[in-house]
Amino acid sequence: MASSSSDASQPATPDASTPASSQPPSPTLSKLSLQDVSEEAKAEAAKLKAEANKAFIAHDFNRAAELYTQAIEKNPLDATLWCNRAYARIKLEEHGYGLSDATTAIELDPKYAKAYYRRATCYLQTLKYKQAIADFKKLLTLEPQNQLVRMQLDSTQKILRKVEFEKAIEMEEEKSAVERCLEIIAEGGCDVDKDYAGPVLPKNVDGKYTITPEFVRNMIQWFKDGKNIPRRYVWEIVLGAHSHFEQEESLVTVDIEDGMTLDVIGDVHGQFYDYLHLLSLTGEPNEKHALLMNGDLVDRGSWSIEVIVTALAFKWLYPRRMYINRGNHEAKEMNRTYGFEGEAKHKFGEQTYKLFAHVFTAMPLATLVSATKPPAGPTKNVILSPEGRKRYFVVHGGLFSKDGVTLDDIRQIKRIGQQPGQEGIMCELLWTDPQELPGRGPSKRGVGIAFGPDVTRRWCEANGVTGVIRSHEVRQDGYSIEHDGLCTTVFSAPNYVDQAGNKGAFIRIDAAGSQEYTQFDAQPHPPMKPMAYASGGLASLLM
């Protein structure tokens, strides 16, 4: 595909890309004593630790984790090595592995304050607030003057109280946020401020708001200039998109007609200026070109509102050419911790956040992208649909903890109004990750499971699916092709949280099911750090 930007590129060998994942957990510590580790081994471990520290400072977290692993093999009784590897795994979002490493560091040195801090971070990242609070309290007994930890403890306690309060009142709320917003509009409680001088959302002959390409382009420029549109416009855009989401099944089927292309976009995570650059490469949705955003539009980045409003505006404008899958960050528990709730409330108030939270539950959980023309080239060993066409299962996370889940099972999931939780099919669709080893294993994140290449092949063969396209994980090249070509990860937030140094990418699929990959680099943005709207004191902990 001809690149539309000088920094966009297509590697000649796409299957050369490798997952940005650390090593599997080290074996359980045997009962060693200090005498079992020679001075020579300690010296070698110290040298490897120094190399790992350099890799970490250079933001090469995968390499750092590998080097810390080598150092641990030399000197498994050094608690700092386990603690440092826990930090590298936190940076790789491998919080399940990080939790195990931090726990081992604590077992080796029960007074190691930093290890409690790392473990509290892992508990917080996996939404285990009570355990995080316990570790923060233990840390304060070791460092009673640490005011940052005291502030982080207070913030975590507030989150826990809020979670418990929301659970208590959940059953009392009869009206959805959509219904409540429509009532407020009807009562005249959300009119446009007369002093507003930005892009005007047009009305049709019946006096109802509608949307046009001109408005969307002007709104994007308005956002780019650092300005907000009226709350009423945000509500109309969200409600317009919701009217289409609620008509879609939990598994949407998209047929790519002759002459049409579809671009699969991975995580964007509130990186609005990178998203604009991405749209300049993909082009806007139109009659011959569709976009499919594969979840995690919000959180972490500090322009999540601008990203999600733009995406929903395109959904309202082009409902059959703009598709959006739900990601694990389109969920209350994640938004509460990673910034979107704070950002939405700061910019547009409590009711607007409630509206977004409900509409997230209406987003489909996966999309089946189906070619309509015969495959180009040889089809030996290619898994095809019953009609002899290529088709791809596009989902944010991945596959399941058990065999036998069918496409119809996914279509029939009752998703609207539901949060994914931490187990079950909906959770697995949004949270699971591929692994290199066959079979299934524990999640390196601490939520969901990991599935091997044999699991992927069995599921694709049983369902007539050519391959799984998923997102959910940073890839240094922006994408990677795994599981013998049956599982592709695409990630579209370059230089993730301003520190990962990765490229972004998207995948273009045509009517024959052929795929092309385009990479792109991060773009400059205004001086606002990621997670600017996270709960007080937690931003530095969660990055």
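User: What kind of sheet do the six strands form, and in which order do they stand?

Analyst: The six strands make an open sheet with mixed pairing, in the order β1-β5-β6-β10-β12-β11. Strands (E, at least two residues) and helices (H or I, at least four) are DSSP runs numbered from the N terminus, and two strands pair if DSSP finds at least two bridges between them. This is a predicted model, in which local features need pLDDT of at least 70 and side-chain atom pairs count only at pLDDT 80 or more, while totals for chains, interfaces and linings use all residues. Residues are numbered from 1 along each chain as its sequence is written, and side-chain values use heavy atoms, with hydrogens and water left out.

User: What makes β1 and β11 edge strands?

Analyst: β1 (251–256) and β11 (479–482) each have a single partner strand, so one side of each has no neighbour in the sheet. From one strand to the next, the twist averages 20°.

User: How do you know that β11 and β12 pair?

Analyst: DSSP must find at least two bridges; β11 and β12 (residues 487–490) have four, in the antiparallel sense. Ile481 stands opposite Thr488 in β12.

User: Which helix lies across β6, β10 and β12?

Analyst: Helix α18 (residues 453–463) lies across β6 (391–395), β10 (467–470) and β12, and runs at about 115° to β10. Axes are lines fitted to C-alpha atoms, for helices over the stretch in contact, and angles run from 0 to 180 degrees between N-to-C directions.

User: Why are α1 and α2 called roughly antiparallel?

Analyst: Helix α1 (residues 39–57) and helix α2 (residues 61–74) pack at about 170°, with their axes 8 Å apart. Angles over 145 degrees count as roughly antiparallel, under 35 as roughly parallel, 65 to 115 as roughly perpendicular and the rest as oblique. The pair is therefore roughly antiparallel.

User: How do the residues of the contact of α1 with α2 divide?

Analyst: They divide into 11 nonpolar, two polar and five charged. Here Ala, Val, Leu, Ile, Met, Phe, Trp, Tyr, Cys and Pro count as nonpolar, Asp, Glu, Lys and Arg as charged, and the others, Gly among them, as polar. Leu48 and Phe56 are among those in α1, and Leu67 and Tyr68 among those in α2.

User: Why is His472 called buried?

Analyst: Buried means under 20% relative accessible area, exposed over 50%, and partly exposed in between (1.4 Å probe, protein chains only). His472 has 3%, so it is buried. This residue is found in the loop between β10 and β11 and has a positive phi of about 80° although it is not a glycine.

User: What makes a nonpolar core, and which residues touch the most other members of the largest one?

Analyst: A core is a set of buried Ala, Val, Leu, Ile, Met, Phe, Trp, Tyr and Cys residues joined through side-chain atoms within 4.5 Å. Of the 62 residues in the largest core, Tyr275, Ile308, Val309, Leu312 and Phe356 touch the most other members. Helix α12 (residues 304–317) gives the largest share, 10 residues. A second, separate core of 51 residues includes Phe61, Leu81, Tyr116 and Leu140.

Key. Contact = heavy atoms within 4.5 Å.
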